[in-house]
Amino acid sequence: MTGLLATPLADLTLLAIALGAVSANVLNIYSGALSFTAIGIKLPLSLRRAIVALGFGAIGFFLAWSGLHNAGSKYENFLLIIAYWIAPWLAVYFCDMLLRRNPDEALLFDTKRTNWAGPVAMLAGMGISIWLFSNQTEYVGVVPSHVPAVGDLTFEVGFVITAAVYLAWHAIARTGRETTLAG
């Protein structure tokens, strides 16, 4: 990539790429650490963010190190796995927006109320769609192994299955259009 550039400019380009990658990953690690601390695990308050950020940074370093061999294929598989959970997550998010138009803000802070439909629907959508439709180097699902022309439909099928499970759960439980805690 830098072979056509003069040596000082090539070195500066590579340094900028390395610093950009480190900067982006620092933001990812920090936001992941903050999300983890929101789960409610008790750590010393003064060191909570530092402990979690260092822990996630170390985990990320060793995961990246393990992926150095055959990095292109492993990165492609990583991107496919990300797509496999994003579609079910989006299905839960969009269905929840559909079911709860203009919800009362108090629902967000009610610790006595849980909504298991989201995680259950997401896991069901991911599990079924990956098992049936995944088509990558590490795992080929049932449908692509029998009908290769189908390709990888995991993203689409995961979205549809998750949405169906989530909406069915709320239809059966009659918890669809909550706008207040009293409702």
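Which residues lie nearest the centre of the largest pocket? They are Asn25, Gly60, Leu63, Ala64 and Phe78, out of 23 lining residues.

1. Basis. This is a predicted model: local features need pLDDT of at least 70, side-chain atom pairs count only at pLDDT 80 or more, and totals for chains, interfaces and linings use all residues. Residues are numbered from 1 along each chain as its sequence is written, and side-chain values use heavy atoms, without hydrogens or water.

2. Largest pocket. Its space is about 1,100 Å³. A pocket is an open set of points on a 1 Å grid over the protein atoms alone, where a 1.4 Å probe fits, with protein on both sides within 12 Å along at least five of seven lines; lining residues have an atom within 4 Å of a point. The volume is the space filled by probe spheres set on the points, which are joined across faces, edges and corners.

3. Pocket lining. Helices H1, H2 and H3 (71-99) each supply at least two lining residues. H3 gives the most, with eight. Helices here are DSSP runs (H or I, at least four residues), numbered from the N terminus. By class, the lining has 14 nonpolar, eight polar and one charged residue. Ala, Val, Leu, Ile, Met, Phe, Trp, Tyr, Cys and Pro count as nonpolar, Asp, Glu, Lys and Arg as charged, and the others, Gly among them, as polar.

4. H1 with H2. The axes of H1 (residues 7-37) and H2 (residues 48-66) come within 8 Å and cross at roughly 120°. That makes H1 oblique to H2. Oblique is what remains after roughly parallel (under 35 degrees), roughly antiparallel (over 145) and roughly perpendicular (65 to 115). Axes are lines fitted to C-alpha atoms over the stretch in contact, and angles run from 0 to 180 degrees between N-to-C directions. The crossing is right-handed: the near helix is turned clockwise from the far one by less than a right angle. Among the contact residues are Ile29, Tyr30 and Gly32 of H1 and Arg48, Arg49 and Val52 of H2. Contact means heavy atoms within 4.5 Å. The classes are eight nonpolar, three polar and two charged.

5. H3 with H5. H3 and H5 (residues 117-133) pack at about 140°, with axes 9 Å apart. They are therefore oblique to each other. This crossing is right-handed too. Tyr84, Trp85, Pro88, Trp89 and Val92 of H3 meet Gly118, Met122, Gly125, Met126 and Ile130 of H5. Eight are nonpolar, two polar and none charged.

6. H5 with H7. The axes of H5 and H7 (residues 154-173) come within 8 Å and cross at roughly 145°. H5 passes H7 in a right-handed crossing. The contact includes Ala117, Val120 and Phe133 of H5 and Thr154, Trp169 and His170 of H7. It divides into 14 nonpolar, seven polar and no charged residues.
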